[in-house]
Amino acid sequence: MKECLAYYTVDGGSVFCTLLDATKAFDRINYCRLFQLLLKRNIPSIYLRFLLNLYTNSVARVSWNGILSKPFIVENGVKQGGIISPVLFCVYFDSLLLHLRKSGIGCYIGNVFVGALAYADDLTLLAPTPRTMRLLLQICEEYGKNFSVSFNASKSVSMYVGKHKLSSDLHFCIDGNKIEFVSNGVHLGHVIDDKLDDKSDIISKRNPLCAKVYNVLCYFSNRDPAVKLKLMIPYCSDFYGCVLWDLNHPFVADLSIAWRKGPRRATELPYNTHSVYIAPLCELLPLRIELACRCVRFICKCLCSENYVVSAMARHHHHIRLFVT
């Protein structure tokens with residue numbers, strides 16, 4: 001998604017992005033439609049019969065304050081928390097992605113279609129013009145009617161990424177409901193900004209980092225410094241999404257400052273210890289170098305990915321930049 005936004009705006013262009021939310025998507029799966037799609041994929045009949053019996057003969061009861069209701073038959077939806085449920089949902093939702101790709105509209109990078117990106121029930125639509133976005137939304141509406149999927153306009157957002165001013169009367173709708181335009185939106189835990197600035201995303205990771213550091217220092221205050229450091233490293237070092245940041249961003253330096261306070265206090269180093277020596281004394285890489293290493297590993301995995309969209313984006317990599325000094 002970020003690669004596509006960067007690709008379309010690098011030379012002064014613009015792109016529209018809509019993050020669609022499907023209401024209770026797992027609960028709305030229509031069994032007839034699901035098993036029709038599985039038949040088209042040539043699933044072995046023995047597995048298909050097993051799934052058919054598993055879902056069409058499913059019975060549930062409601063527990064309320066220690067009292068159980070009468071049994072009732074479950075007539076739609078996949079089991080919440082079931083191991084196979086996400087796979088079945090992907091098969092069900094994949095038909096929408098195929099319709100969107102076959103439409104021939106939306107964003108492309110070369111000959112690679114990136115106009116519709118999805119993970120589970122989170123769907124992102126990318127279009128170079130408002131008319132194209134409306135056509136993509138229309139396809140989603142038709143799919144929803146045929147496959148019992150309802151898109152929630154109140155939880156969906158649209159963004160405009162570009163240098164030109166956006167018209168105040170421009171809006172998009174899904175199922176007759178208006179979708180709000182925002183300057184940034186959260187998608188799969190990442191904060192996407194209409195200026196393609198990583199500031200908001202970095203801040204969203206820095207603030208929890210400070211809380212995690214103080215949690216370790218508080219709950220394990222009487223432990224040996226080596227123990228506190230060993231606990232702090234895995235607990236406070238996830239930095240989800242850091243592989244997509246511009247490492248030359250000034251807020252990466254702020255994140256490094258917040259991170260250094262953790263090892264310094266965990267190992268009880270003097271407050272005036274120079275920041276350059278904290279990482280070596282703790283047998284760690286400086287945070288900026290650690291993030292750069294993660295970026296390199298991430299790009300290498302993307303280049304070798306079996307998913308042709310992921311590998312194609314990695315070859316372009318307009319957005320991912322490594323600046324290590």
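A residue counts as exposed when its relative accessible area is over 50% and as buried when that area is under 20%. In this predicted model, Asn-42 has a relative accessibility of 66% and therefore counts as exposed.

**Backbone with positive phi**
- Most residues other than glycine have a negative phi.
- Asn-42, although it is not a glycine, has a positive phi of about 60 degrees, and this residue sits in the loop that runs between helix 2 (31-40) and helix 3 (45-56).
- Phe-239 is likewise not a glycine and has a positive phi, near 45 degrees, and its place is in the loop between helix 7 (225-236) and helix 8 (250-266).
- Whereas Asn-42 is exposed, Phe-239 has a relative accessible area of 4% and is therefore buried.

**Packing of helix 2 against helix 4**
- Helix 2 and helix 4 pack with their axes 10 Å apart and at an angle of about 85 degrees, which means that helix 2 is roughly perpendicular to helix 4.
- On the side of helix 2 the contact is made by Arg-33, Leu-34, Leu-37 and Leu-38, and on the side of helix 4 by Leu-88, Val-91, Tyr-92 and Ser-95.
- Sorted by class, the residues in this contact of helix 2 with helix 4 comprise 6 nonpolar, 1 polar and 1 charged.

**The largest pocket**
- The largest pocket has a volume of about 1200 Å³, and its lining is made up of 33 residues, of which Met-1, Leu-117, Ala-118, Val-309 and Val-310 lie nearest its centre.
- Among the elements that each supply at least two residues of this lining are helix 1 (2-9), helix 4 (85-102), strand 8 (116-119), strand 9 (122-127) and helix 10 (287-303).
- Helix 11 provides the largest share of the lining, 5 residues.
- By class, the lining of the largest pocket has 22 nonpolar residues, together with 6 polar and 5 charged ones.

**Arg-315 in helix 11**
- Arg-315 is found in helix 11, and this arginine counts as exposed because its relative accessible area is 57%.
- Although Arg-315 and Leu-303 are 12 residues apart along the chain, their C-alpha atoms are separated by 6.7 Å.

Conventions:
Residues numbered from 1 in each chain as written. Predicted model: local features only at pLDDT ≥ 70, side-chain atom pairs only at ≥ 80, totals over all residues. Heavy atoms only, no water. 1 Å grid on protein atoms, 1.4 Å probe; cavity = no way out; pocket = protein on both sides within 12 Å on 5 of 7 lines; lining within 4 Å. Points joined across faces, edges and corners; volume = space filled by probe spheres on them. Helix = DSSP H or I, 4+ residues; strand = E, 2+ residues; numbered from the N terminus. Nonpolar A, V, L, I, M, F, W, Y, C, P; charged D, E, K, R; others polar. Buried < 20%, exposed > 50% of the residue type's maximum accessible area, 1.4 Å probe, protein only. Axes fitted to C-alpha atoms, helices over the stretch in contact; angles between N-to-C directions. Parallel < 35°, antiparallel > 145°, perpendicular 65-115°, else oblique. Contact = heavy atoms within 4.5 Å.
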